[in-house]
Amino acid sequence: MDSALDHNGAKPTVDDYMTRDVATVSPDDTVRDVATRISESEHNGFPVTEGRRVEGFVSARDLLLSDPDELVFKVMSDELIVAHPEMKVTDAARVILRSGIQKLPVVDDAGNLVGIISNSDVIRSQIERATPEKVGKLKRTLETIHGIEAREERRTVELAELVPTQGKVYADELEGRQYELEHGLAEPLVVIDNGGVELLLADGHHRVMAAERAGIEEMDAYVIALERRVDLGMARTADKEGLESISDIHVVDYAHHPLVETIERLQ
């Protein structure tokens, strides 16, 4: 499977990852108004719009040393760099890298604001893109070992129907996954449909635990559907450890997840 392609065989576009509900300000707002909004939000700048049309972008940096009563249209940047919804995410990434801009307004052919894409969105697209490679490798392994036919599907799965195949997750990594989920990173799970008999969670135990804590009942998943039930080693492991549902997964806080351990070692 080509790693540059998504599950439909097309390269991801800005439209796939942009934020559609965009906070904006008016050209007639004052510097004080915008500074207050920045201080009360997680934003470090806003597109400046007249109706739906983008007139400029104002960042926290633009507000520095400006008169609090000055109007935004006098301090905003009006030499805009924008993205189009059909632009490839990789191209948007290059524009972000070369311009040093953290967020690109996304405009349609009429120049109307339809979204915004940030460097965080681009990073998210790269993490999610790695999953199809993992799925393809697992599918080929199952076909080779068990001599069966398997197919890949994209489904929404109920968390309550999943059988975990590992009995523990790390508390520190779980905290990180909760943060990612809250900030829009919803990396699909990898699930094996074992002949229609059971749904084995092959990858994504921290994700399902984070989702359960957030009150989420279903998630997007790459599903490897086997033509018939097979005696899988991971199923035997789950049975041996008494794992029947995600409520059987234990959260451990006496050790660090390898990723967190690496980060702390580098600090």
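**Close-up views of a predicted model**

View 1. With a relative accessible area of 48%, Glu 161 is partly exposed.

**View 2. Here is the largest nonpolar core, with 18 residues.** Leu 159, Leu 162, Leu 189, Val 191 and Val 208 are the members that touch the most others. Two or more residues each come from β8 (189–193), β9 (199–203), α7 (205–213) and β10 (218–226). Helix α7 gives the largest share, four residues.

**View 3. A salt bridge joins Asp 193 and Arg 155.** Their side chains meet at 2.8 Å, N to O. Asp 193 belongs to strand β8 and Arg 155 to strand β5, so this pair ties together parts 38 residues apart in sequence. Asp 193 is buried at 11% relative accessible area, while Arg 155, at 24%, is partly exposed.

**View 4. Glu 187 meets Arg 177 in another salt bridge.** The N to O distance is 3.6 Å. Glu 187 lies in the loop between α6 (171–182) and β8, and Arg 177 in helix α6, so the pair ties together parts 10 residues apart in sequence. Glu 187 is buried, with a relative accessible area of 10%.

**View 5. Arg 207 pairs with Asp 203 in a salt bridge.** The closest N and O atoms are 2.6 Å apart. Arg 207 is buried at 9% relative accessibility, whereas Asp 203 is partly exposed at 23%. Elsewhere, shared partners link Arg 151, Glu 153, Arg 155 and Asp 193 into one salt-bridge network.

Definitions and conventions
Residues are numbered from 1 along each chain as its sequence is written. This is a predicted model: local features need pLDDT of at least 70, side-chain atom pairs count only at pLDDT 80 or more; totals for chains, interfaces and linings use all residues. Side-chain values use heavy atoms; hydrogens and water are left out. Buried means under 20% relative accessible area, exposed over 50%, partly exposed in between (1.4 Å probe, protein chains only). A nonpolar core is a set of buried Ala, Val, Leu, Ile, Met, Phe, Trp, Tyr and Cys residues joined through side-chain atoms within 4.5 Å. A salt bridge is a side-chain nitrogen of Lys or Arg within 4 Å of a carboxyl oxygen of Asp or Glu.
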